[in-house]
Amino acid sequence: MSIDEPLIEKWRAERKDAGSQPGTINRKLQRLHAVLAKAVDRKTIPRHPFAGLKPLKCDRTGRVRFLDEEEERQLREGLLAREQEHRAERQRYIEHCKVRGLPLLAIRTEEFTDHLQPIVLLALNTGLRRGEIFHLKWRDVNLKTKWLTVVGKTSKNRQTRQIPLNIEAMHVLEGWRRQLGTVTPATYIFLGTTEKPLTTITTAWRSVRKPAALEDFHFHDLRHHFASRLVQSGVDLNTVRELLGHADITMVLRYAHLAPGGLASAVEKVARSTSEFGEGRLRSNIW
């Protein structure tokens with residue numbers, strides 16, 4: 001069986017009938033398109049079998065979920081409560097060992113009981129993707145100049161970008177650095193096992209998200225929250241694009257409606273113009 005446009009059209013129709021969204025179908029075809037493009041470059045096949053195939057029309061705005069003030073408070077309190085529970089667990093174990101004459105562990109006095117709170121707070125204040133955070137090394141962070149570098153090979157679009165660190169991000173990284181003790185520039189900031197980076201925080205993240213009652217909120221939404229706060233504070237969309245690491249501004253247009261005095265202000269201007277027009281007609285009728 002050869003791959004051609006009729007075959008792809010049939011496959012797309014089947015996926016739509018099965019309930020797949022147009023955006024999901026497009027993304028899957030993009031991967032196949034890239035593979036076939038490589039085959040054309042290497043002259044394995046003479047031409048791209050569906051080079052002229054247009055993607056399905058879909059809502060390009062996508063899902064934008066960010067936290068309101070109350071939800072952010074709940075998330076932060078959830079992170080602190082989790083850390084307090086870790087310390088309480090250690091204390092209970094110490095009491096258990098005392099009664100039985102077993103060796104005692106030290107009381108937990110470190111700033112962070114594990115990596116979850118530093119990771120979440122860093123995401124809130126930098127907009128980094130989860131994979132970008134996992135692959136950060138200490139050489140990528142300059143605590144003196146307060147800048148963080150996302151290396152191109154760890155970024156989704158393979159482009160290196162730099163992000164300034166605000167007060168909270170600095171506090172998190174400085175505290176985590178002190179807590180780890182001796183590290184090398186090549187050490188991952190958030191280590192997994194055998195000197196490799198973390199690969200997942202699903203269980204730990206769920207342990208905070210559920211008690212905080214954050215409905216339909218995923219780790220990636222921390223990135224949306226970062227972008228939304230920037231726009232709401234009056235930061236222009238191009239700057240937001242640079243901080244998020246998008247190749248063009250299309251992806252950040254989803255946040256445009258959050259800008260102060262943006263769409264709502266424009267609509268109000270129409271209302272004022274209409275009102276003035278009505279008053280003018282009224283005056284003319286009176287005379």
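**View 1. Phe-219 is a buried residue, at 7% relative accessible area.** Buried here means under 20% relative accessible area, exposed over 50% and partly exposed in between (1.4 Å probe, protein chains only). This is a predicted model: local features need pLDDT of at least 70, side-chain atom pairs count only at pLDDT 80 or more, and totals for chains, interfaces and linings use all residues. Residues are numbered from 1 along each chain as its sequence is written, and side-chain values use heavy atoms, with hydrogens and water left out. Leaving aside neighbours within four places in sequence, Phe-219 has contacts (heavy atoms within 4.5 Å) that include Ile-119, Val-120 and Trp-205.

**View 2. Trp-205 pairs up with Phe-219, edge-to-face.** The ring centres sit 5.6 Å apart, with 80° between the planes. Rings of Phe, Tyr and Trp (its six-membered ring) pair if their centres lie within 6.5 Å; planes under 30 degrees apart are stacked, over 60 edge-to-face, and the rest tilted. Trp-205 is buried too, at 7% relative accessible area.

**View 3. Phe-112, Trp-176 and Phe-190 make a cluster, linked by ring pairs.** The structure holds four aromatic pairs.

**View 4. Lys-137 puts its charged end over the ring of Tyr-188.** That charged end is 4.9 Å from the ring centre. Over at Trp-138, the charged end of Arg-177 sits above the ring, 5.9 Å from its centre. To count, NZ of Lys or CZ of Arg must be within 6 Å of the ring centre and within 35 degrees of the ring normal.
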